[in-house]
Amino acid sequence: MAAGKHAKKKKALSQKQELTTETGTQSSESAVGATPLVGAVADEAAVTSFVDDSVLPSSSSLPRFELPVIGVPPQPDESEFLIKKKKSHKALWVTLISIFVVLVGLYVGASVYFMSHFGFNTIINDVDYSFKTVSDVNVGIQAGIDEYQLEVVGRKNAKEFITSSSVGLAYKPDGKVEELLEAQEPFLWIKRVFSQPAAQTVLPNTLDRTKLKSAVDKLKLMNPDAAEEPVDAYLEFVDAAYVVHPDEPGTAVIPETVYEVISDALLAAAPTVDLHEKDAYVKPSIDAENQELLDKMNRYNTYARFSITYTFGADKTEVLGGETAIEWYDFDEDGNGTLNQDKLIAWVAAFAERHNTVGRERTFTTNYGTEATVSGGEYGWRLDQDAEIDAINTAITEHLSETRDPYFSRTAAVHEAADWGNTYVEVSIATQHMYYVKDGEILLESDVVTGAPYGGRATPTGVWWISEKSSPAVLRGPATTVYPPAPVDDPATPDVDESQGPTPAPYTKYEWESPVTYWMRVTDSGVGLHDATWQPWFGGDRYTYGGSHGCINMPYGKAQELYGMLEMGTPVIVHN
């Protein structure tokens, strides 16, 4: 009975030991080096504690063995642990070396790739060409040039454009892109991932010069007819002193410079070119800092500090000032000047010659449409030279600045070639016809008979004016003074001594006398317009054999009508 119980306990203990051993074996690899909860070998007391002393034999009769504590794996053998540890380290090194080899291979491969491709962050002409080939970049550069245009900026806000296609602008591969690729150091490509290299520029390198000239010539600013020429600095009289009026730049360009600066800008792919900044404009020959001009100013202000602006109608002026007047001075060795009056008088005489029109030849268009030339007469402009000389001397002495008409002793209607204006009488000897024009409109016309072309009776040609109107009037020819003889004694009357009587007074006898109703004097010598009732007809060739003594004969009705229209001073043009 006891032996049976002992056998059962032994069998159970043996099964538990096997179960424990299996569990420890399965987890030995994961528990290598783990610290056991208790010692690996149990002493006798520990073993015997698991059995009932009453059913087991004495300890001396039982065999000795080691029983591990349940749940704690057995301690592996040290040699086995070292072997396993060595294998683990070897596997780690193999893994690391493999990774290193792969990384090196990838790096070398990338380096080889970047020998023919641009690296990270490659910017050329503001375009990202990362991972592109030289061919790709060359194509891209030309595409950018094809879209490019140059803005040309000029004075007075002028803006125009020149396109790349209009001048044949292009980039022909010249090794520049290859140089940029080589300069990237492909084996150091990794640096570009974490940095931003400087942007590069590849410029156009060719254009068509013929097309360039054609394109530039089409710019509006190249049109010489529309350009404003520069104005030199000059002296002007302001507030009783001469000052420098600054130069004015104008808009006239220098074509050769324009071609050059635009060509340079295109080849530099510049967005804008400013012609003013590039000195492409014609410069004034005298600027405000010109020393010679400044010296003149000082001299004028010392001796000729005056200015007279002469006006000739609304549009024409002439200025007399220091530049002219300084020539009238005689300077001594010390530079002191004295005004020479003879030089001033000579200038005034020349001034009168330029502007007098009395008696001068004038060409004009007649009222029947042909061109005629007339000279002579007393109508027109005539300068009063003495008055002008006095006025100039006063201006010099008092440093005057004035704008006025010249002093004329005789005036006309306008300062033009036909200075009689648009209200006048025209008489044509050739056509034997007259016109009265007022404000440019013909109000009256008539056939006439002029002076006979012989015996000094021809009507004089020239320009006069109506200086007298009278109704009625008696026209008389050349006058002769008659002196009656002194009285003598008449023998028939012996008782009377007639010789003692008063001497008869002399009297004037005219070669002829003609009473008229409407008289309009033209010349001081007595030629005028008047009615002539004695003329049988007017116009044609009547004047060649029945002409007047010089006057312009008119039908009575026409003379009456004209007399009522004419005003004193109306110009009269008589021409052949």
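L529 is found in strand 27, where helices (H or I, at least four residues) and strands (E, at least two) are DSSP runs numbered from the N terminus. L529 is buried, with a relative accessible area of 0%; buried here means under 20% relative accessible area, exposed means over 50%, and partly exposed lies in between, with a 1.4 Å probe and protein chains only. Before I go on, please keep in mind that this is a predicted model, in which local features need pLDDT of at least 70, side-chain atom pairs count only at pLDDT 80 or more, and totals for chains, interfaces and linings use all residues. Residues are numbered from 1 along each chain as its sequence is written, and side-chain values use heavy atoms, with hydrogens and water left out.

Staying with strand 27, residues 528-531, you will see that G528 and H530 point one way while L529 and D531 point the other way, and that all are buried. The C-alpha atoms of L529 and Y563 are separated by 9.1 Å, although these residues are 34 apart along the chain.

What are the partners of strand 27? Strand 26, residues 519-521, pairs with strand 27 in the antiparallel sense over 3 bridges, two strands being counted as paired if DSSP finds at least two bridges between them. Within that pairing, G528 is the bridge partner of R521, and the two strands form a hairpin with 6 residues between them, G526 in the turn having a positive phi of about 110°. Strand 28, residues 552-554, runs parallel to strand 27 and is joined to it by 3 bridges, with N553 of strand 28 standing opposite H530.

Let me move to strand 25, residues 513-516, which has a covered face made of S514 and V516 and an uncovered one made of E513 and P515. Strand 25 pairs with strand 22, residues 473-476, in the antiparallel sense over 4 bridges, and V516 is the bridge partner of A473. In the loop between strand 21 (468-470) and strand 22 we find P472, and the peptide bond joining S471 and P472 is cis, with omega of about -5°.

Finally, in the loop between strand 1 (123-124) and strand 2 (127-128) we find N125, which has a positive phi of about 55° although it is not a glycine. D126 lies in the loop between strand 1 and strand 2, and D126 has a positive phi of about 70°, again without being a glycine. As for cover, N125 counts as partly exposed at 26% relative accessibility, whereas D126 is exposed, with a relative accessible area of 74%.
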